[in-house]
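The sequence and structure under discussion are shown below.

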Amino acid sequence: MSAFPGADLRFIIGPRTAGEKIRPIRQPKRPMSQRRKPYPFDEFEPRWQQVWDEQRTFRTPNPGDADFDGTKPKYYILDMFPYPSGAGLHVGHPEGYTATDIIGRAKRMQGYNVLHPMGFDSFGLPAEQYAIKTGQHPAITTAANIENFRRQLKSLGFAYDWDREIATTDPGYVRWTQWIFRQIYNSWFCEESGRARPVSELEAKGWTPEQIDEVRLAYVADTPVWWSPDLGTVLANEEVEEWKSKGHTVERRPLRQWMLRITKFAQRLIDDLGGLDWPEGIKLLQKNWIGRSEGATVRFEIPDLNSRIEVFTTRPDTLFGATYMVLAPEHPLVETITTADRRDEVERYRKACATKSDLERGDLNKEKSGVFTGGYAINPVNEERIPIWIADYVMMGYGTGAIMAVPAHDERDFEFATKFGLPIVEVVSRGGGDAPAQPEAERGEGPALFDGDGTAVNSGFLDGLATAEAKAAMIDWLEEKGLGTRRVQYKLRDWLFSRQRYWGEPFPIVWKDGRHHALPDSELPLLAPPLDDYKPSGSPEPLLAKATDWVNLPDGSQRETNTMPQWAGSCWYYLRYCDPGNAARFVSEEAEKYWSEPADGASRQGMVDLYVGGTEHAVLHLLYARFWHKVLYDLGHLSTPEPFQKLVNQGLILGEDGLKMSKSRGNVVNPDDVVEAYGADSLRLYEMFMGPLQDAKPWSMNGVEGVHRFLARVWRVVHEENQEGGWDLSSRLVDERNEPGALPKPLRKVVHETIRKVTESIDKLTFNTAISQMMVCTNAFTAADKVPVGALVDFLKVLGPFAPHLAEELHQRLRAGFPDLNDRQLGDQPWPAWDPEALVEDEIEIVVQVNGKLRDRITVPADADKARIEAMALDAPKARPFVEGKTVRKVIVVPGKLVNVVAN
């Protein structure tokens, strides 16, 4: 299924205006090497790619297909699919794709039904920005970019099932993305069961629409967001710094937005990480992002206003040391608390904070700033009046947007109190309960910062208690007095799910009489109409609002004009790959269950057996996909609670200068150039030979040339050059079945050792060690007087996943001289097995030293006893001259390693 077939493209964008032309992607000119190629890769690589394409070699049958074999185990391999930019692939992209391709090809030969698909994350802001500049519909740009990406991927010989190709912008895909949103919209989270449930259950209980809206997993809220007037859209927190650095204006303002209640799944998202085979660092990042904290909420009364401020703290034991409070500048109580004499300064500060991103206010906030509001609160444990400040290091997105500041025991509070001369009271001592107390200190005279566990001091009824006991006692006291409650808090916020862009999935929502309603399935997909222009108006009004005929419906209702973020399509693409042509369901039950079965038969949580991609998606994409998956699982649409069982992050491929590749540095390497000069197999092999998959590695053209020479040696094992400069089969090739002794033990051992090491290395993803062993084997074939064809074919089978074009070409050429060879493509033949007996050492090499100096090396039987080894060492040709005429005082034999003769 190709993205944007002609009919679908017209369906998305409507008729083009007169004279509108598709602007083609301009391909960079590439220098063509003039040197004579050491083997004709440029002739056979495109030919094999055409064969695989035309024969649909890597098509994977689904349950229900006539050629489906359900007795085979499945193996689902997934690449993080690319955003199809106009720049095309760079050499960093194929690294992970090559690794998964090697595994997929090997698993196919090992008897698995392998699902290895590819698609395109094709919605996104760059295509919309191009539309703003040119007036060309984003669908046209996206289709051209996809075509270029597909061409590049096919030029590298990846064994993708192109019948399963998807693009998140395909109308059929948009339909099911909108359908999944409807599932979320029509669900609520049941605290009792800890699962998502359909809102129809609440309707049956007589709940009103307003009550149901309060618990929907998809809801509307007025919330502060990052708005960019010149981009014409809301940005996620993680996008703010990127677009500000590109010169765009970003400001904070409240807007009506769609939100998803991912927070209801916070604990499950933490707990279920335990059953996943993910890097521990990625698990930790996810846990830290979710940010589970145990503590208490504490209520601080504001006596002058008959109001209160609620804060959450993980250290309720330090409450006696709270000497001031800090509110986020956006906190709704700021205007009420602020006194008249402080109002101007407070407003100036709030306005300055509105332009700062969360990153600038958090991790990048080195210099503390703040303003006193003039208001005071009452510390509930000692009834002291403490001042209320506002400061940018406190944010509404975390906790309650208010903190109790304990400067003696929190680094940020300490820095703030030190700067503004606020009291610092020690309430946790490093030592025992008899440590001297310092009840209060002015700026610069207070106790040193201590944020660890210790013993409570200056804390009334807590004095002398260890931190853990003091926490529990304080929470009990707060609950008894009605001043606070025990609570688990999460840093994770509900997912802001609205964008004001054009190039995104429209929400399947209409509004009437102030209420929202989901469209029925029969009206999906809802596609965006063409616009006369794509330029933002500078106001928060979404671009779709320009299409008034599309927005306003005959019955008086109006379509939702916000669109979904790019994350929507990437949340579930792995599910659609399982059944991409299904028009009746987002994935059939049979296909979903089959591709969810664990490959090893064990009890597992995740659907995908192996997911490979970059660490840039370590948190948000993975978290969002897990959330959507769990909702669908709870509603009975899926059979696994997690999407990805095993995750591997490939390292960056850096430029030859050791820096990250970028156009501005001029160190980007285009894979098209490498393929033209050295061939696809050389590029694939080099990227796997650079080092461990997970490590960052600098690119080197010398390295490419090195593996290219290795592949040329493989070519010459099979061929010899004739007088016309052509290639004939080597005269050293023999059929060992008809020529006893053609496969001597040393060569047989190397071949079987290669099969073993390559097999194990693929399972461990240590591809560089597999290539090293294949180089050893090639050298052994090159040095042999005769090259046994059967052993050579076994070698080509294990080389095939790494260099598939060369392996298939050599196998086909061997068949011309040895017609009894299997006539199926090499990749369709069984994976070779190694013979353990062939790996047994019959002979071992021993170093011979005379008086500690290396003089010779000898080969001895593996089972030779000490006396025989000693005799053979004394008779070693190169060592004998250093012993003759001398008295042998001692012979030291280290079994399996060396013999040292002491003579004088």
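**Accessibility and backbone geometry**

A residue is called exposed when its relative accessible area is over 50%, buried when that value is under 20%, and partly exposed in between. The model is predicted. In it, N306 has a relative accessible area of 74% and is therefore exposed. N306 lies in the loop between β10 (292–302) and β11 (307–313), and its phi is near 50°, a positive value in a residue other than glycine.

A positive phi near 50° also occurs at R56, a residue of the loop between α2 (41–55) and β1 (74–79). With a relative accessible area of 47%, R56 is partly exposed. Most residues other than glycine have a negative phi, and most peptide bonds are trans. A cis peptide bond, with omega about 5°, joins L524 and P525; P525 is found in the loop between β21 (515–518) and α17 (548–551).

**Salt bridges**

The whole structure contains 50 salt bridges. One of them pairs R299 with E310, with the closest N and O atoms 3.7 Å apart. This pair links strand β10, which holds R299, to strand β11, which holds E310, eleven residues apart. R299 is buried at 15% relative accessibility, whereas E310 is partly exposed at 33%.

E642 and K630 form a salt bridge whose closest N and O atoms are 2.8 Å apart. E642 lies in strand β25 (residues 642–644) and K630 in helix α21 (residues 620–634), so the pair ties together parts twelve residues apart in sequence. E642 is buried, at 0% relative accessible area, and K630 is likewise buried, at 0%.

Key:
Residues numbered from 1 in each chain as written. Predicted model: local features only at pLDDT ≥ 70, side-chain atom pairs only at ≥ 80, totals over all residues. Heavy atoms only, no water. Helix = DSSP H or I, 4+ residues; strand = E, 2+ residues; numbered from the N terminus. Buried < 20%, exposed > 50% of the residue type's maximum accessible area, 1.4 Å probe, protein only. Salt bridge = Lys/Arg side-chain N within 4 Å of Asp/Glu carboxyl O.
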